[in-house]
Amino acid sequence: MQLPGPDYPAPAKLNLFLHVLGRRPDGYHMLQSVFTLIDRADRLRFRVRLDGVVHRVNVVRGVPEQQDLTVRAALLLKEASGSPLGADIEIDKRIPIGGGLGGGSTDAATTLLALDRLWETGFGPEALAELAGSLGADIPFFLFGGAAWAEGTGDELRTIELPPRWYVVLAPPVEVPTREIFQSPELTRNTEPLKMEDFSARPGDRRFHNDLERVVIARYPQVRQHLEWLRKHGEARMTGSGACVFAGFDSREAAESVMRQLPGDMQGFVAHGLERHPLRVQ
C-alpha cells in the first residue's frame, strides 16, 4: 500500500573522515569526524492515527518492524510528549542498508521531525536531538540540520562550512555490522585529536582518514575491491563503519565521468552534498 500525503525526505550522510581517539569505561568510543549530508535519500510517508497505534505499513528487508528505528523513534516521541495520537509509517528505502550512510538514523530523525509537526508536540529539532540520543549516535546529526564537525561520541556538533562537492558513492554487496567493527580487537583507538581549523574538505590531506577502514577491508574483500577501484579515479575512503566507499569531485561532470567507467559487477551512484537538511531549510 501507499499512504496518501507528502513525502518526507531522509537524506544520507558521509563521514569525510572518522578518527577513533579512545574508549570510555562505559564502552562508548571517543570520535572526531566531519559529517556531510548528501541528496541520496529515503522517502517517508505518515498517516496520523487517532487510536494511538504506531505501525510500519510496508516490509523493509532485514529490519523487523519492532526493531525499526522509525517505529522506536515514534514511540519515544509519543511517550515523551504524552500524545494520544499514533501513526502509520511507510518507508521507501533508497539508501543501502549496512552501508555506513546512516539510513536507519536518518529515517528516525525524519520521523521525529515529521511527527513533531503532525502531532503538534512542539519539541523542535534541539529538544528532539536530546531525546533521540538514546536511540543512536548519528540521529542528533541528522536533526542538527547541516554539515558538522563532530566530537565526543559523535554527539558534540559544531557547524562547519564545506565547499560544494559531488560524490561518487559505491555500494559493495555486503552489510557491515557497526558493533562488530567497533568491538574489533585490531581497531586502533589512539588517534591524536586534531582541530577543526586543521580540516580541509579538499582531497589529499592524509592526516584525515577513517580508522575503521583497515578493519573492514581485512574482513570484507568486497569493500577492499571497491575501494581499490575508486582510488584509481580519486581520493577515496570508506564512510562510517562501511560498507560504502566514496570519492569527492569538484563538478557533477567529473563524478559522472567516473561512474560511466564503473565495472558491470559494481553498483553505485552520484550524489551532491547538501548545505541544509531539506526539513530544516528556513
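Modeller: In this predicted model, the axes of helix H2 (residues 103-118) and helix H3 (residues 124-132) come within 10 Å and cross at roughly 130°. Two packed helices are described by the angle between their axes and the distance between the axes. Angles over 145 degrees would count as roughly antiparallel, and 65 to 115 as roughly perpendicular; H2 and H3 are therefore oblique to each other. Their crossing is right-handed.

The loop between H2 and H3 contains Glu120. Phi of Glu120 is near 55°, a positive value in a residue other than glycine. Most residues other than glycine have a negative phi, and most peptide bonds are trans. Glu120 counts as exposed because its relative accessibility is 71%, and the limit for that class is over 50%.

Leu118, in turn, belongs to a nonpolar surface patch together with Val48 and Leu50, and the three share about 280 Å² of accessible area. Helix H2 covers residues 103-118, while Leu50 is placed in the loop between strand E2 (29-49) and strand E3 (54-56). With a relative accessible area of 76%, Leu50 is exposed.

Arg61 lies in the loop between E3 and helix H1 (69-81), and Glu175 in the loop between strand E7 (166-170) and helix H5 (178-182), so the pair ties together parts that are 114 residues apart in sequence. Arg61 counts as exposed at 58% relative accessibility, and Glu175 as partly exposed at 41%.

The side chains of Arg219 and Glu186 also meet in a salt bridge, at 3.2 Å from N to O. Because Arg219 lies in helix H6 (residues 213-219) and Glu186 in the loop between H5 and H6, the pair ties together parts that are 33 residues apart in sequence. Arg219 is partly exposed, with a relative accessible area of 33%, and Glu186 counts as partly exposed at 34% relative accessibility. Elsewhere, salt bridges that share partners join Asp7, Arg43, Arg45 and Glu90 into one network.

Two loops remain to be described. In the loop between strand E8 (236-238) and strand E9 (245-249) one finds Ala243. The peptide bond that leads from Gly242 to Ala243 is cis, with omega near 20°. Gln261 is placed in the loop between helix H8 (252-260) and strand E10 (268-274), and is partly exposed, with a relative accessible area of 44%. Between the C-alpha atoms of Gln261 and Ala147 there is a separation of 30 Å, and these residues are 114 residues apart along the chain.

Key
Residues are numbered from 1 along each chain as its sequence is written. This is a predicted model: local features need pLDDT of at least 70, side-chain atom pairs count only at pLDDT 80 or more; totals for chains, interfaces and linings use all residues. Side-chain values use heavy atoms; hydrogens and water are left out. Patches are made of residues with over 30% relative accessible area and no salt bridge: like charges are joined within 9 Å, nonpolar side chains (Val, Leu, Ile, Met, Phe, Trp, Tyr) within 5 Å. Accessible areas come from the Shrake-Rupley method with a 1.4 Å probe; for residues, only the protein chains shown count as cover. A salt bridge is a side-chain nitrogen of Lys or Arg within 4 Å of a carboxyl oxygen of Asp or Glu. Helices (H or I, at least four residues) and strands (E, at least two) are DSSP runs, numbered from the N terminus. Buried means under 20% relative accessible area, exposed over 50%, partly exposed in between (1.4 Å probe, protein chains only). Axes are lines fitted to C-alpha atoms, for helices over the stretch in contact, and angles run from 0 to 180 degrees between N-to-C directions. Angles under 35 degrees count as roughly parallel, over 145 as roughly antiparallel, 65 to 115 as roughly perpendicular and the rest as oblique. A crossing is left-handed if the near helix is turned anticlockwise from the far one by less than a right angle, and right-handed if clockwise.
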